[in-house]
Amino acid sequence: MPPIISIEHLTKTFQLDGKPFNALSDVSLEVQQGEIFGIIGLSGAGKSTLVRCINLLEAPTSGTVLVRGQELTKLSAKELRLARRKISMIFQGFHLLMQRTCLQNVCFPLELQGVAKNKARERALELLRVVGLEEKANSYPAQLSGGQKQRVAIARALATDPDVLLCDEATSALDPKTTREILSLIRDINKRLGVTVVVITHDMKVIEEICSKVVILNQGNIAESGTVEEVFSNPKSEAGRRLVYPGGMPALHLLKDSRVIRVAFNGGTAYQPLIASLAIDCGVKANILGADTRNIDGKAFGTMLLGLPEDETEANRALQYIRSQPNVTVEEVQDYHA
Amino acid sequence: MLESLTVFFENLGIVKVPEQLEYLSDLPNLLFAVWETLYAPLAATLFAYVIGLPLGVLLVTGEKEGIRPLPPVFMRVLNTLINLLRSVPFLILMVLVFPLSRLILGTTIGTTATIIPLTVAAAPYVARLVEASLREMDRGVIEAAQSMGCSTWQIITRVMLPECKPGLINGATNAAITILSYGAMAGAIGGGGLGSIALMRGHARNQRLVLWVAVIILVVLVQIIQTIGTRLTVRSDKRINK
Ligand SMILES: Nc1ncnc2c1ncn2[C@@H]1O[C@H](COP(=O)(O)OP(=O)(O)OP(=O)(O)O)[C@@H](O)[C@H]1O
Ligand SMILES: [Mg+2]
């Protein structure tokens, strides 16, 4: 199946104080139908600009943006408005209409399309049920909490049966618990309705929680991309490492002359059992020099530095044992300095 | 009763009291003056909005960062014109507009005739009031509307104006009160109503009692308009948690 979103050689140049500034330079990416696609990067990396180019809120300076095979940059104003109905967006600041009730907010995109009032009402109520806010139908946004406002915004975004849902820092204004609730709602919507989701965030946890693929954006360039497992367990780019290990690479004191290996976990069992079974099955005691692993859906991702015993045969035995484990890759660190 | 009132006012040093009390006790006459005071300014407010509301919208949507930028030259001309009209003192503007009043209404005298200069004076003021209200609009909400496929017209009529309704009502209250006071001023040169009474009788003929009554009624009218306006503003604003 062709990708639902395909961005090719996208460049966006702003004029800043008369000087050109590339917020995005030659960005290409593809999003497949039905996936939850993450875009992560530090503040100012160009994430918002990138996502705003997907519905052409921001006009690309050059490059193409294809959504469902339709090249948005070539559309007339009217055609673009029609195309936008199928590309919904939610925002960090919710951006609800403050003078309308929740129900009227969800009705809004339907009214724009000329859907009959009672039909629109019915659909809006149904969507408020989906996001679990039926009882707030006649409340005004000012009377809601942040999480509830975002639920209304999600219901509104779904009103037009979109193919794509763009989320620009949709959970950044929410507390951790509410963030998880909203994320699970988004995942639920993705599964149930098959809506392709593009998530923009500077928060690793958001990506871990719901995304399958991720792109790391750094100063307007794609630093790296791949499945969340690949990128997070073994970030290859400098920008990737900065995101995955915000505190810097783990560094620890080390016994002289011993060999050090980096073990990358790609979604197998957690790391403690590996170390335990290493001791039990091979009788080798490895020294954990540092670890940065995380648990996603009960699976381990991340890397761990192990110091092997000085004894050559024991070290090789351990190495072989770890290599034989599923979902684990091993590489030897040549010049490890504490 | 009338006698004791007369004595009371005369003791305050007011002259020609009986004559004034007689004039003031002609209630229909007074009520007609109130009506005249209200109707020209309110009609002018209405017309001023017919002209000023679209202009105010243009001032916001047409600027460089607006949702439908217009040629900068056009925007500069519009801004200059509005500033120009606003800087002319009302009484002078009224005289300047006499030819226009004559052209449209055939006369420059009377309450109805003041509607034209009042409208000309108020329209640019209204445009600025509308502009100020619409500038309060959260850009993000407009962007969200655009992301849903709103046209420019839909953004103006379904997002900007309804979302800014409280501010617009508040502005309209200010406009009505300002125009009311202009209307009272217009009494000086041919207009009718309380302003005319206050000036012609109160000032010119030194009927201080009439002057004060006219002023008090004007103050009360302003209070009533302000109270209604404030109440409507607050009631229409759903951002406030009530
Ligand atoms: N309209 C604009 N005019 C000029 N520069 C802009 C404009 N919009 C964005 N930029 C610049 O482009 C760069 C990328 O901005 P963008 O908003 O896409 O970053 P971001 O990754 O979303 O950051 P954040 O996490 O803070 O939201 C920034 O340096 C910003 O200053
Ligand atoms: Mg952003």
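Helices (H or I, at least four residues) and strands (E, at least two) are DSSP runs, numbered from the N terminus. This is a predicted model, where local features need pLDDT of at least 70 and side-chain atom pairs count only at pLDDT 80 or more, while totals for chains, interfaces and linings use all residues. Residues are numbered from 1 along each chain as its sequence is written, chains are lettered from A and ligands numbered from 1 in the order in which they are written, and side-chain values use heavy atoms, with hydrogens and water left out.

**View 1. Lys16(B) and its positive phi.** Lys16(B) sits in the loop between α1 (2–11) and α2 (17–24) of chain B. Its phi is near 55°, a positive value in a residue other than glycine. Lys16(B) is partly exposed, with a relative accessible area of 37%; on this scale buried means under 20% relative accessible area, exposed over 50%, and partly exposed in between (1.4 Å probe, protein chains only).

**View 2. Leu56(A), another residue with positive phi.** Here we're in the loop between α1 (47–54) and β4 (62–67) of chain A, where Leu56(A) is found. Phi of Leu56(A) is near 60°, positive even though the residue isn't glycine. Is Leu56(A) buried or exposed? Leu56(A) counts as buried, at 13% relative accessibility.

**View 3. Chain A as a whole.** The C-alpha trace of chain A spans about 80 × 50 × 40 Å along its principal axes. Of the 338 residues in chain A, 51% are buried. The accessible surface of chain A is about 15600 Å², with 48% of it on carbon and sulfur atoms; these areas come from the Shrake-Rupley method with a 1.4 Å probe, and for residues only the protein chains shown count as cover. Take the contacts in chain A with a separation of 6 or more, and 69% of them are between residues 24 or more positions apart (contact means heavy atoms within 4.5 Å).

**View 4. Where chain B meets chain A.** On each side of the interface, 23 residues of chain B are in contact with 23 residues of chain A. The two chains bury about 2100 Å² between them, 57% of it on carbon and sulfur atoms. How many salt bridges does the rule find across the interface of chain B and chain A? It finds two, a salt bridge being a side-chain nitrogen of Lys or Arg within 4 Å of a carboxyl oxygen of Asp or Glu. Arg52(A) forms one with Glu143(B), and the closest N and O atoms are 2.6 Å apart.

**View 5. Helix α8 of chain B and its cover.** Helix α8 (residues 152–163) of chain B has these buried residues: Gln154(B), Ile155(B), Ile156(B), Val159(B), Met160(B) and Glu163(B). Their cover includes α3 (102–112) of chain A, along with α3, α6, α7 (139–147) and α9 (165–186) of chain B.

**View 6. A salt-bridge network in chain B.** Glu63(B), Arg128(B), Glu131(B) and Arg135(B) are linked in a network of salt bridges. Glu63(B) and Arg135(B) meet at 3.3 Å, N to O. Glu63(B) lies in the loop between α3 (27–61) and α4 (72–87) of chain B and Arg135(B) in helix α6 (residues 115–135) of chain B, so this pair ties together parts 72 residues apart in sequence. Glu63(B) is partly exposed at 28% relative accessibility, and Arg135(B) is partly exposed as well, at 40%.

View 7. Arg151(A) and Glu181(A) form a salt bridge, with the closest N and O atoms 3.7 Å apart. The pair links distant parts of the chain, Arg151(A) in helix α5 (residues 146–158) and Glu181(A) in helix α6 (residues 176–193), 30 residues apart. Arg151(A) is buried, at 18% relative accessible area, whereas Glu181(A) is partly exposed, at 30%. Arg180(A) is also in helix α6 of chain A, and its C-alpha is 8.1 Å from that of Glu209(A), 29 residues away in sequence.

How values were computed: Buried area = accessible area lost by both parts, 1.4 Å probe.
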